[in-house]
2 protein chains.
Amino acid sequence: MTADRLSATFSALADPTRRAILARLSTGAASVNEIAAPFSMSLPAISKHLKVLERAQLISRGKEAQWRPCELKAEPLQEAAGWVEQYRQFWEERLDRLDAYLQELQAKEKEKMTAPKKKANGRKKI
Amino acid sequence: MTADRLSATFSALADPTRRAILARLSTGAASVNEIAAPFSMSLPAISKHLKVLERAQLISRGKEAQWRPCELKAEPLQEAAGWVEQYRQFWEERLDRLDAYLQELQAKEKEKMTAPKKKANGRKKI
DNA sequence: CTTGTATTTAACCATATGGTTTAATACGTT
DNA sequence: AACGTATTAAACCATATGGTTAAATACAAG
């Protein structure tokens, strides 16, 4: 499946082991063994996680003798940040609208008390 | 598995259908049928996606007659934004360090030419 | 109380994910 | 050539994911 790049990015970030690997790499490039050291997990498991991160273009890999040093590549993270930012903005806006709505509600409190019954499809768009 | 909340958030965001649902909900609350309309997918499938979003606390659900209106809840997104932001900062920093490193490299160009052989474990921390 | 609408549950299926262990590969060193 | 180290590949397993269809549930209205 793995539709688009954004999906691949979020999917890669959904695993705590992989996020920890990225954190490690943010302090500098490292070999697979170095990366694997803190985890109580087999080397092949880490190797698979690295492959996921590489396919999501969150890391790039070099070739130095028998080592395949990994390096953080933050471009997809910026893309993800952009996506999320869009909703952060929405959220701020929404809080403003909620505030306005609550004030409107408070103003119409008395009128509401006299209404006989509430219609079922009257969902408020806050 | 679904370790922590951050994992749940990223995992929920990893699906394009779910991201589209969030986009729809950012324009206002909606019923399941309304949400499902644009997708060529069965209602139960949408229902499952909504459950995932709800468990990730990205939406909340009401109960109005036979409708279960969904509403966007952006808190986890802010958490995710925070996590990603950390790496955006790293990335800017890293670009600065790379810049500095390249200048240093350029300065030592001649000296490097006289070095006899490169040691294998001499990975630079850029 | 029956019908219609909205939604979820159940059962099922195919594929993906995350882990394991046991080879295989690649390379530097002796 | 043989050995040790670094890493990946293969085969396997359990569980998760994303979808389906058919049935169950919840509620409003006739």
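**Exercise 1.** Which helix gives the most residues to the surface near DNA strand C?

*Solution.* The model is predicted: local features need pLDDT of at least 70, side-chain atom pairs count only at pLDDT 80 or more, and totals for chains, interfaces and linings use all residues. Residues are numbered from 1 along each chain as its sequence is written, while chains are lettered from A and ligands numbered from 1 in the order in which they are written.

Step 1. Take a residue as near a strand if its C-beta atom, placed from the backbone, lies within 6 Å of it. Around DNA strand C there are 25 such residues, and A:Ser42, A:Ala45, B:Ser31, B:Asn33 and B:Ser47 come nearest.

Step 2. Assign elements from DSSP runs numbered from the N terminus (helices: H or I, at least four residues; strands: E, at least two). At least two residues each come from H4 (43-55) of chain A and from H3 (32-36) and H4 (43-55) of chain B.

Step 3. H4(A) gives the most, with 5 residues.

**Exercise 2.** Find the corresponding helix for DNA strand D.

*Solution.* Step 1. DNA strand D is surrounded by 25 residues, the closest being A:Ser31, A:Val32, A:Asn33, B:Ser42 and B:Ala45.

Step 2. Two or more residues come from each of H3 (32-36) and H4 of chain A and H4 of chain B.

Step 3. H4(B) gives the most to this surface, with 5 residues.

**Exercise 3.** Describe the side of chain B that touches chain A.

*Solution.* Step 1. Count a contact where C-beta atoms, placed from the backbone, lie within 7 Å. The contact takes 30 residues from chain B and 30 residues from chain A.

Step 2. On the chain B side, H1 (5-13) and H5 (75-107) each supply at least two residues. H5(B) gives the most, with 10 residues.

**Exercise 4.** Locate the buried residues of H2 (16-25) of chain B.

*Solution.* Step 1. A residue is buried if 20 or more other C-beta atoms, placed from the backbone, lie within 10 Å of its own. In H2(B) these are B:Arg18, B:Arg19, B:Ile21, B:Leu22 and B:Leu25.

Step 2. They lie on the same side of H2(B), because they cover an arc of only 155° around the axis, taken from the directions from the helix axis to the C-beta atoms.

Step 3. Their cover includes H1, H3, H4, strand S1 (59-61) and strand S2 (70-72) of chain B.

Step 4. Not counting residues up to four places away in sequence, B:Leu25 touches B:Ala30, B:Ile59, B:Cys70, B:Glu71 and B:Leu72.

Methods. Two residues are in contact if their C-beta atoms, placed from the backbone, lie within 7 Å. A residue is buried if 20 or more other C-beta atoms lie within 10 Å of its own, exposed if 12 or fewer, and partly exposed in between; C-beta atoms are placed from the backbone.
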